[in-house]
Amino acid sequence: MEKLALLNGEKTVKLDPGDLFRWPIVTPAHEKAVLEVLRSGRMSGIDVSKKFEQEYAKKLGRTYGLAYPNGTSAILGGFYGLGVGVGHEVIAPSLTFWASVLQVYSLGATPVFADVDRDTLCIDPKDVESLISERTRAIVVVHYTGMPADMDTLQKIAQKHNVPIFEDCSHAHGTLYKGREVGTFGQAAAFSVMSGKSFAIGEGGILFTDDRKVYERALLFGHYIRGDEILSPELQRFAGLPAGGYKHRMHQLSSAFGLVQLKLYDAQMHTIQKAMNYFCDALQDQKGIRPIRPKDPNSSKGGWYFPLFEYLKQELEGLSLTRFAEAIQAEGSVCYPGSNTPMHLHPLLSEMDVYGHGKPTRFANLPDNIDRSVYLRKLPISESIYQSLFQVPWFKQFDRARIDEHIAAYRKVLSRYRDLLAADTGDDSKIGGFSTFFR
Ligand SMILES: Cc1ncc(COP(=O)(O)O)c(C=O)c1O
């Protein structure tokens, strides 16, 4: 095989990518829908957004949908909906984007981090159970990078302890767990639908629940002009002002785009699945890398947002992931080392006094004599795996010739990895980042 491109050989990926990575796919139907709102001046209205909520809820099979300006606020509204408040704990994975849980600080609650399962990269049910206390008010389940979490076990634990599950499906639009769509398991479920996600409509988020009380509390918290939908007498008398002091209205250019996208997404998702599975099948048996995808044939990875592989350095004689990635990139393919750095490693989760309580916010509303070591404990899998994950190309089209070039790039580097060992100065300890990898 010819020389690696990084060592002055010829590049493997030669074809122009065309639309291979273009996302979202904007059609004339999207343009028409957005222009209609724009021309009518209803950008700040709620009629289109309500329709979007209803159609999305119907598609997913949930009773209520509530649209938000972004996923972060949908999750905040959902926490309030579920009754999270002062002194409560919310169990969540640390290996995720911060907006899966950090909002609880502003409600006076604290996150408690569970480790993840190595195969799924999602919250480890065994660890969840060991962390439940009388203060636990919710368990956040993130279907990280579209991988479905172990919902059978998580649901059993949640039911046993009578704690609600809140699904963060921001990476997992259309993901199936044993044939059932994620976002239908939790008492509440939220999705980010910003442009980088697999269901992408601009900036936006959406919350779902079947529980009227959760819905009405979320309305009360930030949807101040929708007081007419609040029916329960104990909440209705507070309608008119947002209880949280937040404004949670979605921009209608997004919901108009979203209404069209609801009709197109499934077909687009299946194309992505075909392309990504083709890529993974071709690399499945290669030494040194492991595609991350569900083993169960009735489960799926939805739209494959942020597709990751695990790098198995020991199988490549210790070659750094940093150097491996450089070599893949030199071939013209995609290989970005790292995933989200686990949140608990950031001083915001151990030291920072955000609101002036005179102690770290993490402990602000917990009993003074609480054993802090439980909150500050190590999470071995999260802490070790994030620096051995890497992002592979996220194909939006099933274009065999173009995808084959990317497969060939990976195969070439893997077959000649020894050539990279000599000048390997890659420092994998620098891999990672606390914010999302939106490229
Ligand atoms: C897992 C997860 N949850 C929540 C969010 C927050 O969504 P948004 O960026 O729309 O606020 C993101 C966004 O990247 C995310 O990745």
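This is a predicted model: local features need pLDDT of at least 70, side-chain atom pairs count only at pLDDT 80 or more; totals for chains, interfaces and linings use all residues.
View 1. Zoom in on isoleucine 206 and, once its neighbours within four places in sequence are set aside, you'll find contacts to Glu53, Tyr56, Gly65, Leu66, Ala67, Tyr68, Ala74, Ala190, Phe191 and Val193.

**View 2. Strand E4 and its partners on either hand, E2 and E5.** Is E4 (residues 136-142) enclosed or left open? Here 6 of its 7 residues are buried, so the strand is largely enclosed by the rest of the structure. Strand E2 (residues 89-93) runs parallel to E4, joined by 3 bridges, with isoleucine 91 partnering isoleucine 139 of E4. Strand E5 (residues 165-168) is also parallel to E4, this time through 4 bridges. Isoleucine 139 has isoleucine 165 as its bridge partner in E5, while valine 140 has phenylalanine 166. Follow the chain from E4 through helix H5 (residues 151-161) to E5 and you have traced a right-handed β-α-β unit.

**View 3. Strand E5, with both of its faces buried.** Side chains in a regular strand alternate between the two faces of the sheet. In E5, Ile165 and Glu167 point one way, Phe166 and Asp168 point the other way, and all are buried. E5 also pairs with strand E8 (188-192); the two are parallel, with 3 bridges. Phenylalanine 166 has alanine 188 of E8 opposite.

**View 4. Helix H6, packed in among strands and helices.** Of the 11 residues in H6 (residues 212-222), 9 are buried, so the helix is largely enclosed by the rest of the structure. The buried set is Val214, Tyr215, Glu216, Arg217, Ala218, Leu219, Leu220, Phe221 and Gly222. What do these buried residues pack against? The list runs to strands E1 (64-68), E8 and E9 (205-209), plus helices H3 and H7 (233-236).

**View 5. The shell around the ligand.** There are 16 residues here, and Asn70, Gly71, Thr72, Phe97 and Ser192 come nearest. By class, the shell splits into 5 nonpolar, 10 polar and 1 charged. Helix H3 (residues 71-81) supplies the largest share, with 3 residues.

**View 6. Helix H9 and what covers its buried residues.** H9 (residues 321-330) has 7 of its 10 residues buried, so it too is largely enclosed by the rest of the structure. Leu321, Arg323, Phe324, Ala325, Glu326, Ala327 and Ile328 are the buried ones. Their cover includes strands E11 (308-311), E12 (336-337) and E13 (389-391), along with helices H11 (400-415) and H12 (418-421). After the helix comes glycine 332, with a positive phi near 95°.

**View 7. An open sheet of 4 strands, E10-E11-E13-E12.** The pairing is antiparallel. E10 (289-291) and E12 are the edge strands with a single partner each, so one side of each has no neighbour in the sheet. E10 meets E11 over 3 bridges in the antiparallel sense, and proline 291 sits opposite phenylalanine 309 of E11.

How values were computed:
Residues are numbered from 1 along each chain as its sequence is written. Two residues are in contact if their C-beta atoms, placed from the backbone, lie within 7 Å. A residue is near a molecule or strand if its C-beta atom, placed from the backbone, lies within 6 Å of it. Ala, Val, Leu, Ile, Met, Phe, Trp, Tyr, Cys and Pro count as nonpolar, Asp, Glu, Lys and Arg as charged, and the others, Gly among them, as polar. A residue is buried if 20 or more other C-beta atoms lie within 10 Å of its own, exposed if 12 or fewer, and partly exposed in between; C-beta atoms are placed from the backbone. Two strands pair if DSSP finds at least two bridges between them. A crossover is right-handed if, with the strands pointing away from the viewer, the path from the first strand over the helix to the second runs clockwise.
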